[in-house]
Structures are given as C-alpha cells and as structure tokens.
Amino acid sequence: MMNVQGKRGRPRNVETHKSILSASYDLLLEDGFKAVTVDKIAERAKVSKATIYKWWPNKAAVIMEGFLYAATSRLPVPDTGSTFQDIYDHATSLMRFLTSREGNIIKELIGEGQLDPNLAQEYRERFFQPRRMQAKELFEKGIQRGDLKENLDVEVSIDLVYGPIFYRLLVTGHELNDSYMHELITIAFEGIRSK
C-alpha cells in the first residue's frame, strides 16, 4: 500500500489522510472554522483523535491542509506568453476564488486568525505565501521578457496588484469582478511596464 510521509510520526496511509482532509474541509464548509473540532473531524473521518494529532499539531493545521487540498487546483499559474495576460489571469483567478463559497472561508480564517496566532501562521505560510511566490515568478518572468521595468521592485509591485483585491474584499466591500480586475491591472501596468 502506498504511503505518504507526514511531518511527524509514522508514514501516513493515503486513504486515511484523504479521509481526514475531506472531513475537515466538509465540516469547514458546513459549520465554519469556530465550530469545527478535532473530535468532529475524527468522527467524520472514522479515525481516532490520536491519528490526527500524529500528523498535525493542531486543529488549524489540519483544517488549512484540508482547505488547500480542495482549493489549490482552482488557482493555476498561467503561461500565456504575455506578462499582462499572465498577471491578469492569475490575479483574476484569485479574485474569483476569494469571492466564491470556498473563498468565503478565507475571509473567515483571516478574521479568526486575528485571535488565533496558530491559524494566522497556517494561512500565511500555506495559502498566501505560495500565491505570492507564484506572483513573484510571473513578475520576474516579465522582467526577463523585457515587458516590465528592469529595476522593478517586485515585492511592491505584487502589493500594488494584489493588495486592492484584499482591500475591497475585507475593508470596503466594493464589488470585485473581471472588469475591475482588468482596470486594476491596466492601471498598474502604466507604472511597471518597460517603456
């Protein structure tokens, strides 16, 4: 039987691992982060709490892994040959995801993370940092292609493009849609593209 190696303890059984991740994700969608407990995950997955704690240090870790397991396929990294199109597609995919039913979970996790440092660390390290690294690769590829300024501050440029999505999502509540994203990327490119 195929096994995958966990961070702690013995190797994970693939089917048990998937069962736990599916249970945590389903409970998250049904009840929200606060209501999910390791007991409920264990009961839904038909495993012991000890099995879960062998593989994850806390509730936040297993929930985030379950969320990412289900959500990652919806956020592909584009490679169209056009830096503008790649960044537009990547940012728009993120916006669409964040405004979906599953994306509402991210808003809840961000809110809960203000009071739960373990959860905040999990979503930063496991959801946001990988998305940021993807964006960084797209910007760096744009510099190499000559589409973006050679001396571009990539970190600030990522904030310039992706920051407004979260500002609207979490602060103003203004609509996020494809038209807004096109306008946002177009305006951002005025400052970051090579002349």
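At what angle do helix α5 and helix α9 pack, and how far apart are their axes?

Modeller: This is a predicted model, and what follows is computed from it. Two packed helices are described by the angle between their axes and the distance between the axes. For helix α5, residues 83-98, and helix α9, residues 178-192, the angle is about 140° and the axes lie 10 Å apart. That makes α5 oblique to α9, because roughly antiparallel is kept for angles over 145 degrees. The crossing of α5 past α9 is right-handed.

On the α5 side, the contact is made by T83, F84, I87, Y88, A91, T92, M95 and R96. The α9 side supplies D178, M181, H182, I185, T186 and F189. Sorted by class, the contact of α5 with α9 holds eight nonpolar residues, four polar ones and two charged ones.

To place this pair in the chain: the protein chain has nine helices and two strands. The C-alpha trace of the chain spans about 60 × 40 × 25 Å along its principal axes.

Rolling a probe the size of a water molecule over the atoms shows where empty space is left. One cavity of 30 Å³ or more is counted, and the largest cavity holds about 40 Å³ of space. Its lining consists of L75, P76, H90, S93, L94, R131 and Q134. Two elements, α5 and α7 (117-145), each give two or more residues to that lining. The largest share comes from α5, with three residues. By class, the lining of the largest cavity has three nonpolar residues, three polar and one charged.

For the largest pocket, α7 gives the most, six residues. The lining of the largest pocket divides into seven nonpolar, three polar and three charged residues.

The axes of α7 and helix α4, residues 59-71, come within 9 Å and cross at roughly 30°. That makes α4 roughly parallel to α7, because the angle is under 35 degrees. The crossing of α4 and α7 is right-handed, as is that of α5 and α9.

In the contact of α4 with α7, α4 brings A60, A61, M64, E65, F67 and L68. These residues meet N118, L119, E122, Y123, R126 and F127 of α7. Eight residues of this contact are nonpolar, one is polar and three are charged.

To return to the pair you asked about, α5 packs on α9 at about 140°.

Conventions. Residues numbered from 1 in each chain as written. Predicted model: local features only at pLDDT ≥ 70, side-chain atom pairs only at ≥ 80, totals over all residues. Heavy atoms only, no water. Axes fitted to C-alpha atoms, helices over the stretch in contact; angles between N-to-C directions. Helix = DSSP H or I, 4+ residues; strand = E, 2+ residues; numbered from the N terminus. Parallel < 35°, antiparallel > 145°, perpendicular 65-115°, else oblique. Left-handed = near helix turned anticlockwise from the far one by under 90°. Contact = heavy atoms within 4.5 Å. Nonpolar A, V, L, I, M, F, W, Y, C, P; charged D, E, K, R; others polar. 1 Å grid on protein atoms, 1.4 Å probe; cavity = no way out; pocket = protein on both sides within 12 Å on 5 of 7 lines; lining within 4 Å. Points joined across faces, edges and corners; volume = space filled by probe spheres on them.
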